[in-house]
Amino acid sequence: MFKFLKGVVAGSGAGVKDFPYNIGEPFSSAWGSWTHCRGTSKDDGSPVSIFSLSGSNPQDGHLAAGRNGVKRLRTVRHPNILSFLHSTEAETFDGTSNKHTIYLVTEPVMPLAQKIKELGLEGTQRNEYFAWGLHQIAKAVSFLNNDCKLVHGNVCVASVVVTQTLDWKLHAFDVLTEFDGQNEASTVPMLQFEWLVGSQYKSQELRKSDWSTIRKSPPWAIDSWGLGCLIYELFSGTRLTKCEELGNTASIPKSLLPDYQTLLTVNPSRRLNSSKLIENSEYFHNKLVETIKFMEVLTLKDSVEKDAFFRKLPTLAEQLPRQIVLKKLVPLLASALEFGSASAPALTAILKMGSWFSMEEFNEKVLPTVVKLYASTDRGIRISLLQHIDQYGESLSAQVVDEQIFPHVATGFSDLSGFLRELTLKSMLILAPKLSQRTISGTLLKYLSKLQVDEEPAIRANTTILLGNIASYFNEGTRKRVLINAFTVRALRDTFAPARAAGVMALCSTSSYYDMTEIATRILPNIVVLTIDPDGDVRTKAFLAIDQFLGIARQNHEQITTGEPAESVSAGLPGLPGNASLLGWAMSSLVSKGKVPEHHGVASANENSTLVSVPPSSSSAASIAPVQASSSMDTADQPVPSSPTSTDGWGEIENGIHEEADDKDAWDDLQPLEEHKPSPALANIQAAQRRPVVQPKQQVSNLPKPSKEDDLWDAIESPAPRSLSRPQTAKISTTSTALGDDDLWGSIAAPVPKSASKPLRPAATNNDDPWAAIAAPPPTTKAKPLSLGRGRGAKPAPAKLGAQRINRTASSGGL
């Protein structure tokens, strides 16, 4: 028998030299003759607990009981029983004699008595935690007695240990044995190692060694008595020294007192079964126990129950013991979220609980779960992640954002839900600073190019705001290529008044990135026309912007005049009032955790809120409070600009957003948006905006053509509107009637068309026909002689070609 037990114990290790664990400092207490030490694995450094039991004689009773405990612990598995990892038995020489030692390695645990002192819980929180611990130990005892028909024999505080997640677990299986209830008349001891149990923990029949009565009693009789001893030691805070102390019930909670007395009844057959204690005791019905029990069976709950539970959890967690929440509930929540059994509201709860961690603990225990959730296809999870990104965004590393988070977040830019597109846009305020230049230029700006012509007006306005906020993270070439095109050609010509106001503010916020030529030729001409904008807020911002840029121009003039070295012309100049920190406005919207503010009008010039929200399209997942522009126009009736088909982003396409994308940039080849006819007032503004940028072709025909990369404005130059070209033609044609008939079209000859067809040379116009000068050009047909014969009465040329063709046909037919 000894050789068999020794083989079982030593089967997983060959000796101390090959022991794969490092033995650390011992704890101050342990059950029986065992020594409980901290330890670590030699393979990965993970923490463990190492129990050791030594004896000079291998036949020693303590060693025999220890081998029994190791064998039982190795074969019995339960969530509330200490987990076995490794065991070995070694023989060493200490200088005078041989020493035999049993080593038992388990999960990292701490003695219960020491852990209670460390937590220092008091009052209701202490009682709730004790209730949860007793609930776990009662389940372990019930499993042994009712399911396995085993008797532990020594349930007390010393036989309970606490894990890193503050779970209580039962160990000390040295006395554990099968319940022999069939041989009732036998007087042979049923518990072979009952002599290891202190007399103060023994029930009356066990102290008398009345094995016949014990065999006639139910299997739980001995361990129910032990549960009573455990309850007394817990609430009294002292170790039981004699059996008579159990009668002192002053420290026992009133809700637990009836069950406590039933556990310690003298008649063993009437003692309370541990399973009944779990089911019926009023003491176990508290917030902590109910919360953890719900989390442990979360997969069995329906979606309605889960949502209701997780919505209450953040408030409930504040009432629970803080250490229990951080070490027990947070790991449970993290596991539930990773495996998909928790709904979106659980993310709110875990982030609130995670805020109670230190920064290092948050990055270790909460942040990895958050990063994994970005790969989830659950729309609710994605929305919750983006709504709370301000709570964890600063903790994300640049590599994690660029490689693991942004590829998943970018799918929200093209989502059907306008609400999700807006949340994705706002999240870039935190994520963009952590992106690489390749991701910004090759991917992010292409998405923002599409969002600037989004069907939702608020998204277009917020895209402009975002570009102004993150412009400092662009390289010099990207800023030159993107900012002015995005703010002037698109934002300032948007039909949505807040979007135009956003364009003005973005230009002011990024004024340090523009040289004087760009300010004078491309920015000021586009802002000046907004001084007659129908919207008062836009006009106010336009005047302030003009003052700012004129101040820059004036300072540049003074520097040139005095010969001072050129500095940043916009340095030290005041910006728009209320617009000093564009980044701050976007942040204020993000801090609202996705709660869309209710706007009843366009923000004034001094108002610090620019991220506006309007009702999304019918495909949106959530409703957003409407924004009403303070304008004489009804923005709801204005057309929504459609996305130009040539908009494919900026720079080379590296990640392939569109299958048919070309090598051109979205804002390098920008054309005016195709819109329905706007209101007359807005049409006048838009026409005025185009005048400064359209030059007559006669003036530039002899100039060298700049390259595409150097001349950004030419790349987005708009064609001359027809409404402007026709009056010019009429005016010139009218004056040309005073010229001689020999050179009627020479003075107003148009430049050679780009088409392949040859220009016609019309005859001189009769002076009696004043409309001939402005007559439409003849159609480009091959019947050229008909056009030339008009005006001078020339004889029509003979149709030789037609006759020959007819003759050829007739002759061929005759043959």
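Predicted model: local features only at pLDDT ≥ 70, side-chain atom pairs only at ≥ 80, totals over all residues.

I started at Tyr21, which stands opposite Ser41 in β2. Strands here are DSSP runs of E, at least two residues long, and helices are runs of H or I of at least four, both numbered from the N terminus. β1 (21-26) and β2 (35-41) pair in the antiparallel sense over 4 bridges; strands count as paired if DSSP finds at least two bridges between them.

Residues are numbered from 1 along each chain as its sequence is written, and side-chain values use heavy atoms, with hydrogens and water left out.

Next I followed β2 to its other partner. β2 and β3 (47-55) are antiparallel too, over 6 bridges, and His36 stands opposite Phe51 in β3. The hairpin of β2 and β3 has 5 residues between the strands, and Gly45 there takes a positive phi near 75°.

Then I went to another sheet. Its 3 strands run in the order β6-β8-β9, open and with antiparallel pairing. β6 (109-111) and β9 (168-170) are the edge strands, each pairing on one side only. β6 and β8 share 3 bridges, and Val109 of the chain stands opposite Thr163 in β8.

What lies across β6, β8 and β9? I found α3 there, running at about 90° to β6. Axes are lines fitted to C-alpha atoms, for helices over the stretch in contact, with angles from 0 to 180 degrees between N-to-C directions; contact means heavy atoms within 4.5 Å.

α3 came up again at the second largest pocket, where α3 gives the largest share of the lining, 5 residues. A pocket is an open set of points on a 1 Å grid over the protein atoms alone, where a 1.4 Å probe fits, with protein on both sides within 12 Å along at least five of seven lines; lining residues have an atom within 4 Å of a point. I read a volume of about 640 Å³ and a lining of 31 residues, with Leu112, Ala113, Gln114, Lys117 and Val157 nearest the centre.

Last, I checked confidence. pLDDT (the predictor's confidence in each residue, 0 to 100) averages 76 over the chain, and 67% of the residues score at least 70.

How values were computed
Points joined across faces, edges and corners; volume = space filled by probe spheres on them.
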